[in-house]
Amino acid sequence: MTFDYAARRERLAGLLPAHEVQALLVTSPENVRYLTGLASSNAAVLVRADGSGLLATDNRYIDVARALDLPAVEAADVAGALAGVLEGPGTGIEAASMSVATYHRLGEGLVPLGPVVEVLRAVKDDAELALLRTACELTDQAFEDVRQRIAPGMTERDVARLLDNRMTELGADKPAFDTIVAAGENGAIPHHAPTGRELRAGDLVTMDFGARYRGYHADMTRTVCLGPPAAWQRELYDLVVAAQRAGRHALAPGAPVGDVDAAARSVIADAGHGEHFRHGLGHGVGLQIHEEPFLGPSRTGRLEDRVPITVEPGVYLPGRGGVRIEDTLVTREGGPELFTKTTKELLVL
């Protein structure tokens, strides 16, 4: 599977005049990888308005870099090495990834910019979607395999370990992020870190996890019940299912991201649980687990076609528990394509 990195740099070059810069010094590791193919912990690439580029990395990666489709120089101080070839004032930098110390050291004439490459990355090509689809398939399969083993007496850490191990056994690079397993009252904490808390009969158990495959991140959340659910648990679960369905149906090219969030959030608010949904509805996925665009009540912008994005409403009741249901989908003209296909029926284990 190949990517046209030169075409990506040319698209970036076409955006630079609107930002009133003649070049962009890219230092975010994910953005460097997107533009060059180099996966590195220490690299930078300078992209000029004519589409040409220069890559810098240290001696650990230089041999790989020199086999790519643009010139490469070896340096430990990658940003400094490229600063030496900047052509006068009007060079953009990535404000979110460059430290203040480096910014001041590189000299005058640098223009801090917001997410430029990230906006390009939001829309995925066929090769990227194929990798993401595989990551989601591995995530689905890991859940199907592990859920059959979940039982009272296991700890949250036990379940997280089983999910992580199964994803890598199936072919994932590694987990896409730190797996969340939250049982009982811990389910009221959206980003609960797994503990030694044992699972008990009657618990709702929320699992938020994903596989990373060849750099691309999947994200899925399912909530199950250990034994027959109580009435309040079933009511809460059905509410989140309805909200998630509304959010998914609102996904469309051209849709304002705030409206998509509102479609799901209004379902929860109308049921009297508005204060118990405390985070945004979703986020883009790709080379990062959280990337552009973001779905939230204060977010602006519109969705485009071919954007992988999560829809993950949740209701969290302090001291009692919670429910979150999350899928990774891709915006399409004819309706969103679902990448995580594990059932959203309430599973009673």
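1. For the helix packing, axes are lines fitted to C-alpha atoms, for helices over the stretch in contact, and angles run from 0 to 180 degrees between N-to-C directions. Helices (H or I, at least four residues) and strands (E, at least two) are DSSP runs, numbered from the N terminus. The model is a predicted one, in which local features need pLDDT of at least 70 and side-chain atom pairs count only at pLDDT 80 or more, while totals for chains, interfaces and linings use all residues. Residues are numbered from 1 along each chain as its sequence is written, and side-chain values use heavy atoms, with hydrogens and water left out.

2. Helix H1 (residues 5–15) packs on helix H2 (residues 29–36) at an angle of about 115°, and their axes are 6 Å apart. On the H1 side the contact (heavy atoms within 4.5 Å) is made by Tyr5, Arg8, Arg9, Arg11 and Leu12, and on the H2 side by Arg33, Tyr34, Leu35 and Thr36. Sorted by class, these are four nonpolar, one polar and four charged residues, where Ala, Val, Leu, Ile, Met, Phe, Trp, Tyr, Cys and Pro count as nonpolar, Asp, Glu, Lys and Arg as charged, and the others, Gly among them, as polar.

3. Which residues of H1 are buried? They are Tyr5, Ala7, Arg8, Arg9, Leu12 and Ala13, with buried meaning under 20% relative accessible area, exposed over 50%, and partly exposed in between (1.4 Å probe, protein chains only). The cover over these buried residues of H1 includes E1, H2, E2, H6, H7 and E11.

4. Leaving out residues up to four places away in sequence, valine 45 touches Leu24, Leu25, Val26, Val32, Leu35, Thr36, Leu54, Leu55, Leu70 and Leu82.

5. Strands are taken to pair if DSSP finds at least two bridges between them. Four bridges link strand E8 (residues 180–183) with E9, whereas six bridges join E9 to E12. Valine 205 is the bridge partner of alanine 183 and has valine 224 as its bridge partner in E12, while threonine 206 stands opposite threonine 223 in E12.

6. How much of strand E9 (residues 204–209) is covered? Six of its six residues are buried, with Leu204, Thr206 and Asp208 pointing one way and Val205, Met207 and Phe209 the other way.

7. Arginine 222 belongs to strand E12 (residues 220–225) and is buried, its relative accessible area being 2%. Its side chain reaches the backbone oxygen of threonine 342 at 2.7 Å, and a polar atom of that side chain lies 3.2 Å from the backbone oxygen of threonine 343. Beyond its neighbours within four places in sequence, arginine 222 is in contact with residues including Phe143, Val205, Met207, Arg324, Glu326 and Asp327.

8. A further open sheet has three strands in the order E7-E10-E11, with antiparallel pairing. Strand E7 (174–175) and strand E11 (216–217) stand at its edges with a single partner strand each, so one side of each is left without a neighbour in the sheet. Two bridges connect strand E10 (residues 211–213) with E11, and tyrosine 213 has tyrosine 216 as its bridge partner in E11.

9. Proline 336 sits in the loop between strand E18 (327–330) and strand E19 (337–338), and is partly exposed, with a relative accessible area of 29%. Not counting residues up to four places away in sequence, proline 336 touches Arg248, Leu251, Leu329 and Val330.

Terms used:
A polar contact is a pair of N or O atoms within 3.5 Å; within protein, one must be able to donate a hydrogen and the other to accept it, and residues adjacent in sequence count only if both atoms are side-chain atoms.
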